[in-house]
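Student: I am new to this structure and would like to learn how to read its features one at a time. Could you take me through them, with the general idea before the particular case?

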Amino acid sequence: MQAISNRRNGQYFTPEPLCDMIGMMQVDNDSELKKTVLDSSCSSIRMFLSAAKLNRHMKFYGADLDITCCKMALVNMLFNP
């Protein structure tokens, strides 16, 4: 991800340990089964992956304007079922 963006267009990807910490603060195993999570600038879906580690039963909705980020999100979804 860092090699693709190289800090162009103001893109800075959140480090995975920080995503994990934010996920632990927002999601728990007792969360509603059909809880909805929305990220309007999901980039490579790192936040979704961290939240899914804690509760796989949530519904995730993400969007991004950058086509490269959308492709990275798709690859991440395929490699992290």
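This is a predicted model: local features need pLDDT of at least 70, side-chain atom pairs count only at pLDDT 80 or more; totals for chains, interfaces and linings use all residues.

Student: How many salt bridges does the structure hold?

Tutor: Side chains of opposite charge can pair when their charged atoms come close. The structure holds 2 salt bridges. In one of them Glu16 pairs with Lys53, and the closest N and O atoms are 3.4 Å apart; Glu16 belongs to helix 2 (residues 16-26) and Lys53 to helix 3, so this pair ties together parts that are 37 residues apart in sequence.

Student: What is the distance between the closest N and O atoms where Asp20 forms a salt bridge with Lys53?

Tutor: For Asp20 and Lys53 the closest N and O atoms are 3.2 Å apart, and the pair links distant parts of the chain, with Asp20 in helix 2 and Lys53 in helix 3, 33 residues apart.

Student: Are Glu16, Asp20 and Lys53 buried, partly exposed or exposed?

Tutor: Glu16 counts as partly exposed because its relative accessibility is 42%, and Asp20 is also placed in the partly exposed class, at 23%. Lys53 has a relative accessible area of 53%, so Lys53 is exposed, given that the exposed class begins over 50%.

Student: Which residues form an aromatic pair, and how is the pair described?

Tutor: A pair of aromatic rings is described by the distance of the centres and the angle of the planes. This structure holds 1 aromatic pair. Its members are Phe48 and Phe60, which lie 5.1 Å centre to centre with 45° between the planes, an arrangement that counts as tilted. The pair links distant parts of the chain, since Phe48 sits in helix 3 and Phe60 in strand 2, 12 residues apart.

Student: Why does Phe48 count as buried, and what is the relative accessible area of Phe60?

Tutor: Phe48 counts as buried because its relative accessibility is 9%, and the limit for that class is under 20%. Phe60 has a relative accessible area of 29% and is therefore partly exposed.

Student: Which strand is joined to strand 2, and how do the two run?

Tutor: Strand 1 (residues 36-39) is joined by 4 bridges to strand 2 (residues 59-62), and the two run parallel.

Student: Which residue stands opposite Phe60?

Tutor: Val37 stands opposite Phe60 of strand 2, and this Phe60 is the residue that forms the tilted aromatic pair with Phe48.

How values were computed. Residues are numbered from 1 along each chain as its sequence is written. Side-chain values use heavy atoms; hydrogens and water are left out. Two strands pair if DSSP finds at least two bridges between them. Rings of Phe, Tyr and Trp (its six-membered ring) pair if their centres lie within 6.5 Å; planes under 30 degrees apart count as stacked, over 60 as edge-to-face and the rest as tilted. Buried means under 20% relative accessible area, exposed over 50%, partly exposed in between (1.4 Å probe, protein chains only). A salt bridge is a side-chain nitrogen of Lys or Arg within 4 Å of a carboxyl oxygen of Asp or Glu.
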